[in-house]
Every structure is written in C-alpha cells, then in structure tokens.
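Please keep the sequence and the structure in view while reading.

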Amino acid sequence: MKQIKTTLIIGLGLIGGSLAKALKAAQLGGTLIGCDRDQSEIDLALKLGMIDQGSVMATDWVAQADLIILSVPVIAMETVMQQIAPYLRADSIVTDVGSSKGSVLAAAERTWGQLPVNFVLGHPIAGSEKSGVMAAKVDLYQRHKVIVTPAPCNSALAIQTVTQLWEACGAEVLTMEIARHDEVLAATSHLPHLLAFSLVDTLARQDENLEIFRYAAGGFRDFTRIAASDPVMWRDIFIANRDAVLQALGHFEEGVARLRAAVEQSDSDAMLGIFTRAKSARDHFSRILDNSAYIPMQNTLIHYRAAPGKALSGRLRVPGDKSISHRSIMLGSLAEGVTHITGFLEGEDSLATLQAFRDMGVVIEGPHQGEVTVHGVGLKGLTKPAGALYLGNSGTSMRLLAGLMAGQNFDVELTGDASLSKRPMERVAAPLRAMGAVVETSEGGRPPMIIRGGQALKGIHYDMPMASAQVKSCVLLAGLYAQGETTTVEPAPTRDHTERMLTGFGYPVAREGASATVIGGGKLTATDIDVPSDISSAAFFMVAASIAEGSDITIEHVGLNPTRVGVINILRLMGADISLENEREVGGEPVADIRVRSAQLKGIDIPEDQVPLAIDEFPVIFIAAACAQGVTRLRGAEELRVKESDRIQVMADGLLALGIECTVVDDGIDITGGTLQSGAVHSRDDHRIAMSFAVASLRSQGEIFIEDCANVATSFPGFVELANGAGMNLKVEKVEG
Ligand code: S3P
C-alpha cells in the first residue's frame, strides 16, 4: 500500500464524514483534510475531531494530498474534477464514492482526456436516511460491501491502496466492471426506488386528500418505505445512471405486461408460475440474509463446537431422501399431469434441482413442510432458462441434468459452487457425446458444462467404467430422448432410484442383472411420490447410537432400498445392534423403522461388494471404526476421493488431529480404533465430514471444534436441533469472516 501522509476528503456529508471517522479510528490516511461547500459542516467536523484541517476551497490542498476522496453527489463530480485537475499530482491516488460509475468515468474522461492511472472508482453500499456530518458514524462501513470498479488503465498500487483503505474501515471489498456495477445497482436499488416513488405518487394523485393511505396496511408500508428517500439525490442518480435504469425498467415492464395478461385472462397457471418463482427467489434471498443458506454471503462462517454428549434415546425422523427428492422433481416436471410429492428434502441440493426446473418454466408449488406440487410439462415442454442453471453443491443435480439437457432443443450452461466446480464431469460428458450430444466442459473436464440443444441423440450400449448411479441415471435419462435403445451396464450394483421411479411414472425400464434399458420416445405420466427418510442421514444416528454407551433410538420411516443398505450391513459386521421394525413398501421403495442400541464395535475388513452400497456413509463409518476395537480396513473405494471433498484424505486428516491412528492408501484407508481426543477439524466444503465429526464428539475426551459447517444445509436441514434433541451436545458458532 502506498504510504499516505495527507488525505483530502472532498464533501463532508454522511458518507465522507463517516469515512473520515473510520480512517481516524484505523489511524490511516495521515493528516485528514475535509472540504465542503458548507462552512458550518467543516466547523462541526473540526469540533468533533473528525478532521485535522478544513476548508471550503479544495484547490488549496490538492497538491499536498497523497490520497483524494471525492465524496460529493454524482452530479457534482465533474465540477469538482475540473477544479482539482490543475493541481493534481501524478502520483496522488484518487477515488470516489458515487453510486453510478459510468457517469463518473465519463466525467473523468472529459476532464483529463482519459481516466488517470491512479484514479480508481468505487462505491460503498452503505448509507442511512439521515444526512450530513452530524449523522456520520465511525462504523458505517463495518461489514458492508464496497464495490471497487478498477479500469484496465489503473495502476496495481492504486487499486491496492483503495482496497486496503476500505478494508481498514471494516468493509468487504468486491471488484466489478463499471458497466456491470451500473446494471446491478440499477436493478437492485435504483429500480425499486423508482417504483416506490411512482406508486406513491400515482396513488396520491388519484386521491387528492391522501385519504386512501388511511387504509393502507403493512404491505403498502413495506413496499413504499423507500419513497421517503431524498428526492434531490434520487433525481441525480436517475440522471447519472439513465441508460442502465432504462434497461432495468424495460425488463420490468415486460414482466408486468406478462403478469397483466395473466390477470386479464385469469390464467391461473401463468400467475402461479410467476408467484411461485418469485416466492422461492425471495425465500432464498431471506435465507442468504439470515445466513441460513450454505453459501456464506454475508461473510459469516458457521462452526460447530461439539462437546461429549450423553446416551441417545427416543424416536426421531430424519429428512427425506436426497436422491429420491432430486428425481421426483425431474420426473414430475417431465411428466404429463400434476405430481404431488410428500417428504421432499428441503435441503439446498434438492432445492437447486427444483429451482433449475422453475428456471426452465415448470410451475412448482412449495415446498411447504415437505409437500411439493409439480405441474408437469411433458418430456418436450421445458423452455430455455434466462441464464446458466446454478446447481450449488449438488453433483447429482448436475450429472442427471446433463443427461436431460442433452435431449432439449436449447443450449444450457450448468454451473456450481467452488466444491462442485472441482468435480469430474467427463464421466457423464463422454457417454453423452457417444449418443450424439454436444457437451463442453471446462478445464480438466470440470464444470461449468455447456450442453448444446437440438442434437438428434441415438441410443447406446454403455459399459460403465465406474460404479456410479449418477452416470447410469444420466445416460438413461438421455435415453428417454434418444432414438432406439439405451442400455447401461454397471460394474457393481448402484442405487436404482431412477429405474424404479421411471417405472412408477409409467416409463418401462427393462432390467436384467447389471443392465438397464430404456427405449426413447415414450412418455411419463404424473404420479404421487412419498419420499422416505434418507438412510444417508439416518447413518449419522446409527453410528451415534452405536458408539454412545446406553443408547437406544428408533429412526422412523427410513428408505431401505437394497442398493443403499451397505451401512447397515457394515455396521452389523462390526457388531452393531441394529434391528428393523415395521418393514413395508412405500411408492416402490422398501421402508422400515430402524432401532439401534449401543454396542462394542470391532474392526473389520470391509467387504468390497458393500462399497457402492454405502458410498455416502463412509465418513461416519470411519468414526465407527475409530471407536471400534482393532483395525478397520477399506479398499476399492477410490470414488470417495471425488465426492464433495476427497473423503479419504479429509477424514484421515481429521482423525489424526483427534489422535486416531490411520494409514491412507490410494483406494482406501486403515483405521485403528483408539481414544478420540479433543481437537479442531475442518469440513473442507463437505456436509458429511462436518456431521461425522459431530458424531465423533460422543466419544471424545473433550470438545471437537468443526470448522465451516454451513454446508450441512445442503442435505440435512435441522441436523443440530435433531441431534441435540436426541442427546448430543452441539453448539453453533457464527463468526464474521
Ligand atoms: C447419487 C449417487 C452417488 C452418491 C450421491 C448421490 C445419486 O454418486 O454418492 O450422493 O443420487 O445418484 P455417484 O454416482 O458419483 O457414486
């Protein structure tokens, strides 16, 4: 960062004044000089000790300043630039706080011919309805975003200095291009203000006496609060950001026209479509704001402090099966008719699938307490989404959707979060290409994926190189759109929910040993789906009750598809006391209540044929192994290395940190049972790692600190409450990053 002996702040309002206070508090910026048109504001700032010197004439100080901050209304920027230009030193760093950036750039270009290399544009997203020096607050920028919009000509030192300046005031600095900044602000700030001003004005004109407002309730108040903002400032903003605002307004008018037509024609489906999409977007936004979404948008991290608990007891029900929830939305959307789903998993992963289909025009009501109603559009009824389909952390969404998208007549881009962006997609891209699809992956065969529409697919016979239900499902789903027969042959049995559910939707699947075949060109007919509880989520409680002495729990309504029961088989081999009660079949899937009582576990060699049947449960099986007598050996599990994290290495790191001896090999691990010590572990972006170490605390000597656990929301919302209710002792710690 450039050394700054003198800082000049031009414009001492709320924004400039707060910056002065924050810089003083951070002991940054050297001598602070404040300039303002209003002498009384300067006097006040001097009296309050916010600045060291003050003047109504900025020009007197420009040559001395190492850093100059233009904090005047956007409309006044050009005048100020022209005043300071003759005195500005080439090495002084300049920045501004204007809320539209294109106009400030244009003003600078008119003033200097081109943007000076040391002039870096910025915009703090902070404010208040109050104004003036009196309203200035030292913490106005704490945990607020500041958007810095560097231009290609800017010097690295200037960008770094401006960034560090804001960071020193406690802000989170984001970088954006100038045009993008103006578009984003036009849509998220300027347009809502315009609408609020306009609505209130329109209503007030209709009713000269403002009588109508007497009847207005919360909805009106919420919608129009911002119509009480500063009129002059907003006039200036609409002049400065005219083009981007008009563009946003144009999109909005198209949206209103669509809604108007739906209302005129009493088009119930169209209205439901608009309202359910809007509601889900707003709910998602609320989750982001209160930090319950797994992506920490507010820079807040969630950690667990897991202390030794007591014996587990009682009956509990874990959330719906993730694999079945994904497929229920996919097949329900592509069916003809209305599909009702109960027990749907309201986790971020399955919600990502749900949102993807909404983005492709499917009307989906809910989820509300696990109930979802999908208004199917038929196999050919999807429409092109407005942008890329964002699938968060969910590998299942991306791989299964890739198969379905290959059969559409539009192009789609599939993207995901940092963890999903590292996962291999070539395993689905290769067979899809063999079917005639055009699939582009990014470097190393990773996401984002682009799938080109309008290709004629042909059926293939695919011998799968790895035991993966996602690959199998992807190929079979593409097969629905392909000419002729599509057959998959798996090297070992993997979960067969796709095959079962296709059959449930009336689409024939011919199954023989390891092969499954569909013939393209059929149709899906809507049906009702009752999603059982997820055995992968139940597994945490199976291990928990097994290792916590004196435990006796019953986990209700768990899906026991034979391709998923590896965890029960393995734990039983280790000596676990697990019994099944009330066995029944629900919607084509076997279901039972699982009773687990604690038992002394012993180390075993895990049979390789159980690996695909327990593929998601190994992190918590490793915890069982750590608590068992003797050594547990796992081999043939290289697939664990390409899950949400490298589950062999990440678990080994955590177990070692807790004093458990283990040896990692390429395709597995040896774990020697021992005494779990207290310590700190990291989830490495993986929900199942976080929950597994929470379970480990039941047998640890002291607290286990588990870093970064927000991702648990991807598969198991309500995990902490359920675990604590059963006898565990987990505390959630939110930390501002
Ligand atoms: C899943 C298949 C498995 C599993 C994943 C869900 C599915 O992945 O790990 O959590 O729903 O088809 P692979 O196909 O990569 O083994």
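## The ligand and its surroundings

Ser323 has a polar side-chain atom that lies 2.7 Å from an oxygen atom of the ligand. The model in which this distance was computed is a predicted one. In the case of Arg327, a polar side-chain atom is 2.6 Å from an oxygen atom of the ligand. In the case of Ala469, a backbone N or O atom is 3.0 Å from an oxygen atom of the ligand. The protein covers 95% of the 390 Å² of accessible area that the ligand has on its own.

| Residue | Atom of the residue | Distance to an oxygen atom of the ligand |
|---|---|---|
| Ser323 | polar side-chain atom | 2.7 Å |
| Arg327 | polar side-chain atom | 2.6 Å |
| Ala469 | backbone N or O atom | 3.0 Å |

Which residues are found around the ligand? They are Ser323, Arg327, Thr396, Arg399, Ser468, Ala469, Gln470, Arg495, Ile615, Asp616 and Lys643. Sorted by class, this shell has five charged, four polar and two nonpolar residues.

## The pocket that holds the ligand

The ligand takes up the space of the second largest pocket. Three helices, α11 (322-334), α13 (395-405) and α15 (469-479), are the elements that give two or more residues to the shell around the ligand. The lining of the second largest pocket also receives at least two residues from each of α11, α13 and α15.

What volume does the second largest pocket have? It contains about 530 Å³ of space. Its lining is made up of 34 residues, and those nearest its centre are Ala469, Arg495, Ile615, Asp616 and Lys643. By class, the lining of this pocket has 16 charged, ten polar and eight nonpolar residues.

## The cavity

A search of the whole structure for cavities of 30 Å³ or more finds one. The volume of the largest cavity is about 30 Å³. Its lining consists of Asp321, Ile324, His497, Pro532, Ile535, Gly559, Leu560, Asn561, Arg564 and Glu589. Four of the lining residues are nonpolar, three are polar and three are charged.

Where do cis peptide bonds occur? One joins Gly366 and Pro367, with omega at about 5°. Another runs from Pro447 to Pro448, where omega is near -5°. Pro367 belongs to strand β12, which spans residues 363-368, and Pro448 belongs to strand β17, which spans residues 446-452.

Gln369 calls for separate mention. Although Gln369 is not a glycine, its phi is positive, at about 45°. This residue is located in the loop between β12 and β13 (371-375).

## Summary

Technical notes:
Residues are numbered from 1 along each chain as its sequence is written. This is a predicted model: local features need pLDDT of at least 70, side-chain atom pairs count only at pLDDT 80 or more; totals for chains, interfaces and linings use all residues. Side-chain values use heavy atoms; hydrogens and water are left out. On a 1 Å grid over the protein atoms alone, a cavity is a set of points where a 1.4 Å probe fits but cannot get out, and a pocket is an open set with protein on both sides within 12 Å along at least five of seven lines; lining residues have an atom within 4 Å of a point. Grid points are joined across faces, edges and corners, and a volume is the space filled by probe spheres set on the points. Ala, Val, Leu, Ile, Met, Phe, Trp, Tyr, Cys and Pro count as nonpolar, Asp, Glu, Lys and Arg as charged, and the others, Gly among them, as polar. A residue is near a molecule or strand if one of its heavy atoms lies within 4 Å of it. A polar contact is a pair of N or O atoms within 3.5 Å; within protein, one must be able to donate a hydrogen and the other to accept it, and residues adjacent in sequence count only if both atoms are side-chain atoms. Accessible areas come from the Shrake-Rupley method with a 1.4 Å probe; for residues, only the protein chains shown count as cover. A molecule sits in a cavity or pocket if more than half of its atoms lie within 2 Å of its grid points. Helices (H or I, at least four residues) and strands (E, at least two) are DSSP runs, numbered from the N terminus.
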